[in-house]
Amino acid sequence: MPHRRFKVSQPKSTITTLPDLGMDKQHLEADFKRYYGHRLGRDENCSSLHYAYEALSLAISDRLIERWKRTYHAYKEEDCKKAYYLSMEFLMGRTLSNAMLNLGINDPVRKAMHDLGLNLEELFESEPDAGLGNGGLGRLAACFIDSCATLQLPVMGYGLRYEYGMFSQVVINGEQIEKPDHWLRNGNVWEIERLEYKQRIKFGGRTETHTDEYGHTRVCWVDTHDVLAVPFDTPIPGFKNGTVNTLRLWKATATEEFDLQEFNAGDYAEAVAAKNTAENITMVLYPNDANENGKALRLRQQYLLASASLQDVIETWVGRHGNDFTEFAAKNCFQLNDTHPSIAVAELMRLLIDIHGLSWDEAWAITRNTMAYTNHTLLPEALERWSVNLFRQLLPRIMEIIFEINAHFLAEVSAHYPGDKERMARMSLIEEGHEQQVRMAYLAIVGSYSVNGVAELHSKLLQQGLFHDFYELWPKKFNNKTNGVTPRRWLASCNPELAKLITEAIGDGWLTDLSLLQRLKPYADDKKFRKRWHEIQQSAKQRLIDYKKQEHDVELDINSLFDVQVKRVHEYKRQLLNVLHVIHLYDRIKQGDTANWTNRCVLIGGKAAPGYFMAKKIIKLINNVAGVINNDPDVGNKLKLIFLPNYRVSAMEKICPGADLSEQISTAGKEASGTGNMKFMMNGALTIGTLDGANIEIREEVGDENFFLFGLTEDQVEAMKGHYDPVAIINSDEELKRVINLLEWGHFNQFEPEIFDAILASIKSPNDPWMTIADFRSFVDAQKQVEAAYQDTERWTRMSIINCASSGKFSTDRTITDYNNEIWKLTPVVIDNNYL
């Protein structure tokens, strides 16, 4: 795609004409002092690092804003095609270190802080993680918008500004306890509130029809209970290129925050009831939807995101083009990140028809040529379904539009497959039954011109299974876009020593073209290079040990194999299989079977959804097993098990450089892609995994000999259904039987009888969809291969280098380039900035 280069003219008003801010140590130090002393009112007697962090962030934010304004004007002057990335999650992590890296000012900032007697790492630690996501979905979105800015693509992110984010996880008596994550307690220096762009969002009410002056039937949505969506903008800088894109997050507020009459009447709670009700919408990420109130709140969240974002885009369009939507589809594209924002399909139709007067056919043509849908799951239960009754109550006009979309769609299906009522029932947007349900994923497919999976296997399984009927109808609509991660945060920033060694060897071009890491491969045979690589990895392991000491007093041996599994806790991700292997190793130690032993530290981290009973039981099991193993003098340094609480982006930045082994052990056919596997690989960890998600492509890139494969394939998992007999497998495997016996006899819960009975019943059930028992023996055998390789330091280090060198495919720069070339078709805008 050719680039357009723009020299951005200065705004005409002299009010905003300012000299460019200096990027050297002296200017940065001066601005820091000014903010610290004048804006924040601090002096040398202040002992709180928070104010120093905020002063530095304000100084750096000023430099981002310069480039932000120039980027905005470049896009506006060109009137270029833009893409909008709608996501319920943006797991951004911390901003300060990333902004410094992308602005190219690491060295002058570090020198300035050193001269002021400040430790930069301590300032980094003062910043809370932005609580805007849960796991891979949100982290992927964050990596995507980073790569869009680095590739200088005009892409804007839209999400929700959650007051409390997911939750802060603490472990008490081995159990997960959820605490509020008030990440905005001290405000957010990186965001700017944009009240001038607020949008009104409708809920409830009813619809009326009338005939306009042209004789057209129009629908009005009336008697609604409205809330306001207020945007907060965050700058997203590209890597050393002057481009700064926008992440716009919506906060729900009341149309009238305070009822003075109610207050004066003495009803103080009712006086602010509207404010509280509205703000609940963006209070918490993913409220527990086990009850009807939780379901209603999640639907409100999804609609607010879609409606506010689409109104915002259309308002900008009308401001420049009036009510002429002829070129709207040619100039705009909406990427729906998973099924959560799929209500945008119906909302765009409402806005175009009800507000701007387009005909159904005109509006549908625009919608189907602007919406693109990314699916992130193979689990049918994870696809959004909403009760028709709930929809009618909360969003009556949207429900009418969905019914009409469905009628038109089913007519199209009928034309292709006359008389095939079963197919029509399977494909209908409305699932019949005791209670009608809206199939939101189907709405996204029908309303989009592109539907993609996020790994080759995932995309194939979507086409062959979950969405097969739609694939048969529209095969050209489906495509694959394998996920990636940004190498700036996940190698250059989180592992600077390794990044420096790589740059010394092959130059710094890999920061924006990760395929250049292939040039490292010859160095795998260089003994001196391997020695330096190993030393850097040991240093990273020591930092991980130091970080772990904040939560645990268990001593870890730096020469042990650091075996890491950190991700959302879910049965399909099989943290349970990992624990069964740990129990097996413990049993071997107790039996005296320690000949040729490899010391191992197993680190597991991740959050379970608050309402997910089994996942929380697995966390409890991990901690109970750890309590026994870590306090058994017979075990010593041979084996340690640590659960790392409150796993988050800033934790992963310390964990992935220090990992030796990356556990990617989901049941084949269940993981869409995974991105943690890519982060570990990029930092030189070796992978043990199934043929699932992006593991397949990782193995293809790195070679079979540098990947520890185990387990059933997806086809074998499917073939085993209906005659899977885990009890027979247990009885035929003496080592596995001993592991199960330890659990059944309560060895790890001697004072808490029966607490793990549900786990045992699940893994012994022939209906266990995760087939944990089926893969146990293969997993143990693969782990023995791991141990043999790790005992040979030269061999392991060589494999580590090859893993890093083979990770080029898994950069989000490559992923976003694929999205752009095949879906969005944007033209990069290169901005002439003389002060970079």
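Biologist: Which residue is the bridge partner of Leu 228 in β11?
Modeller: The bridge partner of Leu 228 in that strand is Thr 253. Leu 228 itself belongs to strand β10. The model is predicted, with pLDDT of at least 70 needed for local features and 80 or more for side-chain atom pairs, while totals for chains, interfaces and linings use all residues. Numbering starts from 1 along each chain as its sequence is written, and side-chain values use heavy atoms, without hydrogens and water.

Biologist: What joins β3 to β11?
Modeller: Four bridges link β3 (residues 155–160) to β11, and these two strands run parallel. Gly 159 stands opposite Leu 249 of β11.

Biologist: Why is β11 described as largely enclosed?
Modeller: A residue is buried under 20% relative accessible area, exposed over 50% and partly exposed in between, using a 1.4 Å probe and protein chains only. Ten of the eleven residues of β11 (residues 244–254) are buried, so the rest of the structure largely encloses this strand.

Biologist: Why does Leu 228 count as buried?
Modeller: Leu 228 has 13% relative accessibility and therefore counts as buried. Contact means heavy atoms within 4.5 Å. With neighbours within four places in sequence left aside, the contacts of Leu 228 include Lys 198, Gln 199, Arg 200 and Thr 253.

Biologist: Is Lys 573 buried or exposed, and how do you know?
Modeller: The relative accessible area of Lys 573 is 8%, so this residue is buried. Lys 573 sits in the loop between β19 (561–566) and α23. Apart from neighbours within four places in sequence, Lys 573 contacts Gln 565, Lys 567, Arg 568, Ile 665, Ser 666 and Glu 671.

Biologist: Which residues of α18 are buried, and what covers them?
Modeller: In α18 (residues 456–466), the buried residues are Leu 457, His 458, Ser 459, Leu 461, Leu 462 and Gln 463. Their cover includes β17 (450–453), α19 (468–473), β18 (478–480), α27 (695–702) and α28 (714–720).

Biologist: What makes β14 and β15 edge strands?
Modeller: Three strands form an open antiparallel sheet in the order β14-β16-β15. β14 (385–387) and β15 (430–431) are its edges, as each pairs on one side only. Three bridges connect β14 with β16 (residues 437–439), and Arg 385 has Arg 439 as its bridge partner.

Biologist: Why is a space called a cavity rather than a pocket?
Modeller: On a 1 Å grid over the protein atoms alone, a cavity is a set of points where a 1.4 Å probe fits but cannot get out; a pocket is an open set with protein on both sides within 12 Å along at least five of seven lines; lining residues have an atom within 4 Å of a point. Points are joined across faces, edges and corners, and volume is the space filled by probe spheres set on them. The whole structure has four cavities of 30 Å³ or more. The largest cavity holds about 150 Å³. Its lining has 15 residues, with Met 92, Asn 98, Asp 146, Ile 236 and Arg 489 closest to its centre. Elements giving two or more residues to this lining are α3 (96–103), α6 (136–150) and β10 (227–237).

Biologist: How does the lining of the largest cavity divide by class?
Modeller: Ala, Val, Leu, Ile, Met, Phe, Trp, Tyr, Cys and Pro count as nonpolar, Asp, Glu, Lys and Arg as charged, and the others, including Gly, as polar. For the largest cavity this gives seven nonpolar, four polar and four charged residues.

Biologist: What is the volume of the second largest pocket, and what lines it?
Modeller: The second largest pocket has about 1,100 Å³. Of its 34 lining residues, Arg 110, Ala 492, Ser 493, Cys 494 and Pro 496 are closest to its centre. The largest share, five residues, comes from α21. The lining comprises 14 nonpolar, seven polar and 13 charged residues.

How values were computed:
Pairing = 2+ DSSP bridges.
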